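Biologist: I'm new to looking at protein models. Could you show me how to read one, feature by feature?

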Amino acid sequence: MGFCGFFGSLRLYMLPRKRAAADGVVVVESDTETTANNNNAATSSFKKQRLHSCIIAAAASTDSSTKNGDNSASVGGNSDQSNTRVVESSPSIMALGDANHTEIDEDLHSRQLAVYGRETMRRLFASNILISGMQGLGVEIAKNLILAGVKSVTLHDEGVVELWDLSSNFVFSESDIGKNRALASVQKLQELNNAVVISTLTTKLTKEQLSDFQAVVFTDISLEKAIEFNDYCHSHQPPISFIKSEVRGLFGSIFCDFGPEFTVIDVDGEDPHTGIIASISNDNLALVSCVDDERLEFQDGDLVVFSEVHGMTELNDGKPRKIKSARPYSFTLEEDTTNFGMYIKGGIVTQVKQPKVLNFKPLREAIKDPGDFLLSDFSKFDRPPLLHLAFQALDKFVSDLGRFPVAGSEADAEKLISIAGNINEGLGDGKVEDINPKLLRYFAYGSRAVLNPMAAMFGGIVGQEVVKACSGKFHPLFQFFYFDSVESLPTEPLDASDFKPLNSRYDAQISVFGSKLQKKLEDAKVFMVGSGALGCEFLKNIALMGVSCGDQGKLTITDDDVIEKSNLSRQFLFRDWNIGQAKSTVAASAAASINPRLNIEALQNRVGPETENVFDDNFWENLTVVINALDNVNARLYVDQRCLYFQKPLLESGTLGAKCNTQMVIPHLTENYGASRDPPEKQAPMCTVHSFPHNIDHCLTWARSEFEGLLEKTPAEVNAYLSNPAEYKAAQRNAADAQARDNLERVLECLDKEKCETFQDCITWARLRFEDYFVNRVKQLIYTFPEDAATSTGAPFWSAPKRFPHPLQFSAADPSHLQFVMAGSILRAETFGIPVPDWVKHPKALAEAVEKVIVPDFQPKKDAKIVTDEKATTLSAASVDDAAVINELIFRLELCTKNLPQGFKMKPVQFEKDDDTNYHMDLIAGLANMRARNYSIPEVDKLKAKFIAGRIIPAIATSTAMATGLVCLELYKALDGGHKLEDYRNTFANLALPLFSMAEPVPPKVIKHGDMSWTVWDRWILRDNPTLRGLLQWLKDKGLNAYSISYGSCLLYNSMFPRHRDRMDKKMVDLAREVAKAELPPNRNHLDVVVACEDDEDNDIDIPQVSIYFS
C-alpha cells in the first residue's frame, strides 16, 4: 500500500464507529421535576440512535420506562426554552441525532472550522459522549463539547444539587437545590446548541452502558470504579476513549486512555510547511537551498515531497523523502542525486505530515507506572509525582471514611498525610523523597471544593481531549497531567474558623480561601473591557466567584460590538434570538441570571482617548482591578497605558485557535503589557501582490483589494463627486498628483465607459473584467517580461520566487468562470441599484447572456510600465503633466454628468465575510482562484478563502475557557494583595500539543539616581498647583536639574531661552492654559508634564512623568 493509501485508510479507521446499543425503546421523559424529586419515578433509558433510527414512539414511554427502570431523559432540537421540563419527543427532535447529518453551518462554526477543518467537524458531529459527574467540572466540559457540536452528550449524576454546588456550576440556581444534578443541567445546556442531543442518566452506571459512546469522561468517581470502567473501555472493540479528571480545591488531575493503539492523524494542527527552492546539488546527500523569502520551519527527520522542479525532475515523483541538517534556508536530503538531472530552476518543497500511533496503558497499569508526567510549571518539576500520590491518598481517605476531609481540620489533614506516607513507602525505588506535609495539608483542606477557575481551566483541557479522542486531530495528553495553584491562597495565615461555611453559595470557595478573601472579592470594583468569547467566560467565572457581588462591589463592562451568528459557537452567554443586540447588555443580563447578587453595569463605549469623558480620572482611580477581554493589540495597549498611569492591576489574556496566553500586569511588581511587543507581521511587497504572486495569500490579498476598489471605494468616490461637484473638482485640482488623477479616472470610467443601466450591462462589465484581469494583464506582463527575460545583472528575471504566468481562455463551460461572472454582475448591479433577475443563477441562461458580450482584441503596449521594485508603495507613477490630464478628465466628467438621471447615486458595497448569501466571498474566491490559475498556484475553496481574505481569527471554546480559568486563579492573588512577584504566573499553552508553559512575570526595568530608584509604574505627583519655580526647586532638591518642561507638543520652559525666566512665578496650570492653550475638561483635576533633567555631572536622567494636581 502506498503512503496515500495508508494515510487514507487511517482516516477511515479514525471515524467514530457506531456500536450496538442496549435493548430498549428510545423514549423522552417529559416531566423532569417529578423525576428529580423521586428517583424511583418511571423513566426510560436513552439509547444512542442507530444510523437508521430517528423516529420514536412517545406512546410507548410509560410501559417501556417502567420495565427498564433506570432514570433518564433526553432533549434535542427546538426545545421550549421557557419550560423547565425536558421536552416531549417528536420526529424533528430525534432527527438531529442522525449520524448521516454532516452539513456544517459555516456561518455558525466558521471560527471553529478555521481550527479543525471539515473532516474533524464531521467526526465530531457523529460522536456520542458520556460525562459522569455534573458538578462544576462536568458542566464546563459539557458546555465546551455542546458548543463544539458533537452529536450527543449524555449527562450522568446520581446526586442532587446542593447550595455548595453554586460556587462552580453556572447552570444551577437556588431553585434547583434538591433536584438531580443531571436533570437540573439539561435545559440551560440545551440552549447552547439545539443541534446536539442532550440526555440524562440518573442511576448507577454499568460497564455495558459505556458501549454506546465514543468517549466517556468521569469527574467524580472512585479509583476502584474508574479502573473497572477503564478496563472495559480499553479492551472494548473498538476501544472507547476514557478520561478521568478531578478538580479538588486548587489541585487538579487528568488521566487519558484512548486504547491500546490510537492513531493521531494530525499531531499539531499546523499547515504543512513549505519552501521555494533556489538550488539542489548533485550529491550523495544532496544540499537543497531555498530562497530567503521566508525562513524554513523544517526539522530533522521530517518527510518532504517535491513538485515543479525543472531539470532534476526525478524528485517530482511524489515520494516522501527524509531530511536532516535543517537550517533556516537550507537542508540536506537523505538521497543520492549524483545521477539525477542537473537542477535548472523552480520547485516547491512541502512537508508531509505523518500520522502517529500511541499505545495507551490502562489505568490499572498506569497508576503504578505512570511514565513521564506532562509538566506545566518548571519551578515545580518535582510536583507531579507528589500529586500522583496525593490523589491516590485522597481516594483512600474517602473510601475509608465515606467523606472528604473537613476544611481546616488538622486531624483529617494528618490522616491524609499518613495515608500518603504509607502508599509512598510501598513504592520502593519509585517513592517520593519528600511528601511535603504542608502542601498535602492545603490539598486536604480544599479537597471537597470544586473552584470555578479550576473547573474552567480543566473543562477546557478535558473538552479538547474529548475532541482529540473523537477525531484524531491534535496530540492527546499522554497520559497523566497534574496541576496546582497553591500560590493563589491568601498570603496571611488562616485559622480553622476562617474556613467555616456561612450557608452561602460561596461556601465551597470559602473552604479554600477563607471568608476574609471572599469579602474582598465581593467588594471589588472591576472594569472588564470586552464581552466577546473571553468576556462571556470571564463574566460567568466572576459571577460564580462572587466578585463584585457585595454592597461595595461593582463590575463595569463595556463593548461597542453587537452579536453575530458566528459568535454563538463560543460566546456562550448569547442565543440566536440575541443576534443584532449589544453584546455587553446581553452578557451582563446573562451573568446576573447566574448570580443575581452581581452588581453590573453594561456600557457600549469603545475604550480610547475619545471616551475619556466617560472613563474619567475618577472612574479609573476607584477601580480595584482591570480585566482585558479584547481582540486587538491597539486597544490592549491603550488600556495598559491607563492601568500604568493609575497604577491598577491588569489581567491580560488572548487566544489563537488551540493556543492561549495570559499575562499579569501588577503595579510595581511586573513589566507592563506594552513593555514587549511582537514583531510586526511581514507584509508582501506591493509589486509581488499585483504582478508576481507566488502563493494563495498573495492572490487573496489582491482579490480583497480589488473587491474594495471596485465595489466600495469607487462608488463612494462617485458619490463624493456627485454630492458636491464644485468642491470635489477643486480638491482634485489642488492635489494635482497621481492619486487625484487615479480618482478622476475611476469616477469617469464608472459614469461613462463602464456605466450600467441594465443587468446585461452588468454581465458585460463582469465578463470584460475577467478578460482584463486574467487575460490581457497577463499578456501584457509576459510581453514586457518574456519567459527568457534577464535582470540588469544578467540573472533570469523569472527566477524563484517569481512564477511565470499564463493567460486564461474564458469558457462558459467552466463553472468557475461562470461563477465569477455571476457574482461580479450581481454585485455590480447592487452598486447601480439594478434589480437582479432570477435567471442569472441558472448556468444555461447565464451562459447565453455571456455569449452576447463582445470582447475586443488586446494588443500589448510597448511602453507599459510594470512596477518591479519591492520597496515601492504605490503603483501609480507621478507625471509632469498630471495637472493637464486632471483638467481634461474634469472636462469629460462634466459632460457625462449631464446624462445622469436626477438624484443619481451609487450604492457602495462594504465587504461582509459572514453572510454566505451576499456573493462577496464568491467574488473574492473567484478573483483569487482565477489569478492562482494564471500563476499555477493551488486554488482554495470558498471557506479557506474566507479565512484568509476575511482575516478570520481561529477560535474555539476550549482554549478560551482555559485562558479565563488561569486568569481567575491570578485574580484571587490580585484582589487579596500582598503577593510577591514569584507568586504570579504568566502562561502560554497550546492544547493541540498539548503544551503548558508557566513562568513568573518579568519585573519592570529599574532606573536609579543617587539613593532613589523608580520604574515605569512611578508617577511623580505635585499637589496644589505649584509655580514653575516651585517645580524646578522640587526637582533640584532631588539632585535633578530640569532644563526643559513641555505639555503635549508645547514647550513651557527651556533653560536656554532667557524670556522663559519671566514665567518662573506663574502657576503651572495657568502656564499650560496661556502658553499651550490647554483646555482642561471639568472631569480632569490634574495635568501631566514631561520634564527633561540632568544630574550635576550633566548626564541625562530619564525621570517619571510629572503630574500637577489643582483644585
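Modeller: Let's start with helix packing. Two packed helices are described by the angle between their axes and the distance between the axes. In this predicted model, helix α10 (residues 383-401) and helix α12 (residues 437-445) have axes that come within 11 Å and cross at roughly 45°.

Biologist: What does that angle make α10 relative to α12?

Modeller: Oblique: an angle between 35 and 65 degrees is neither roughly parallel nor roughly perpendicular, so α10 is oblique to α12. The crossing of the two is right-handed.

Biologist: Which residues make the contact between α10 and α12?

Modeller: From α10 come Arg-383, Leu-386, Leu-387, Ala-390, Phe-391 and Leu-394, and from α12 come Leu-439, Leu-440 and Phe-443. Sorted by class, eight of these residues are nonpolar, one is charged and none is polar.

Biologist: Let me try another pair. How are helix α6 and helix α13 packed?

Modeller: Helix α6 (residues 136-148) meets helix α13 (residues 452-471) at an angle of about 45°, and their axes are 8 Å apart. That angle makes α6 oblique to α13, and the crossing is right-handed. The contact residues of α6 include Leu-137, Ile-141 and Leu-145, while those of α13 include Ala-455, Phe-458 and Val-462. By class, the contact of α6 with α13 has nine nonpolar, six polar and one charged residues.

Biologist: Now the backbone. Where are there cis peptide bonds?

Modeller: One runs from Ala-800 to Pro-801, with omega near 10°. Pro-801 sits in the loop between α24 (759-784) and α25 (815-832). Another joins Leu-993 and Pro-994, with omega about -20°. Pro-994 belongs to the loop between β23 (986-990) and β24 (995-999).

Biologist: And what is the phi of Asn-503?

Modeller: Asn-503 has a positive phi of about 55°, although it is not a glycine. You will find Asn-503 in the loop between β16 (480-484) and α14 (507-513).

Biologist: What does the UniProt record place at residues 984-1106?

Modeller: The unreviewed UniProt entry places the feature "domain: Ubiquitin-activating enzyme E1 C-terminal" there. In the model, residues 984-1106 are 14% helix and 37% strand, and their end C-alpha atoms lie 30 Å apart.

Biologist: Finally, how should I treat the model's confidence?

Modeller: Where pLDDT is low, the predicted coordinates should not be read in detail. Here the chain has a mean pLDDT of 89, with 90% of its residues at 70 or more. However, pLDDT stays under 50 over residues 1-73, and also stays under 50 over residues 75-101.

Conventions
Residues numbered from 1 in each chain as written. Predicted model: local features only at pLDDT ≥ 70, side-chain atom pairs only at ≥ 80, totals over all residues. Heavy atoms only, no water. pLDDT = per-residue confidence, 0-100. Contact = heavy atoms within 4.5 Å. Axes fitted to C-alpha atoms, helices over the stretch in contact; angles between N-to-C directions. Helix = DSSP H or I, 4+ residues; strand = E, 2+ residues; numbered from the N terminus. Parallel < 35°, antiparallel > 145°, perpendicular 65-115°, else oblique. Left-handed = near helix turned anticlockwise from the far one by under 90°. Nonpolar A, V, L, I, M, F, W, Y, C, P; charged D, E, K, R; others polar. UniProt positions renumbered as here; feature names shortened; annotations may be inferred.
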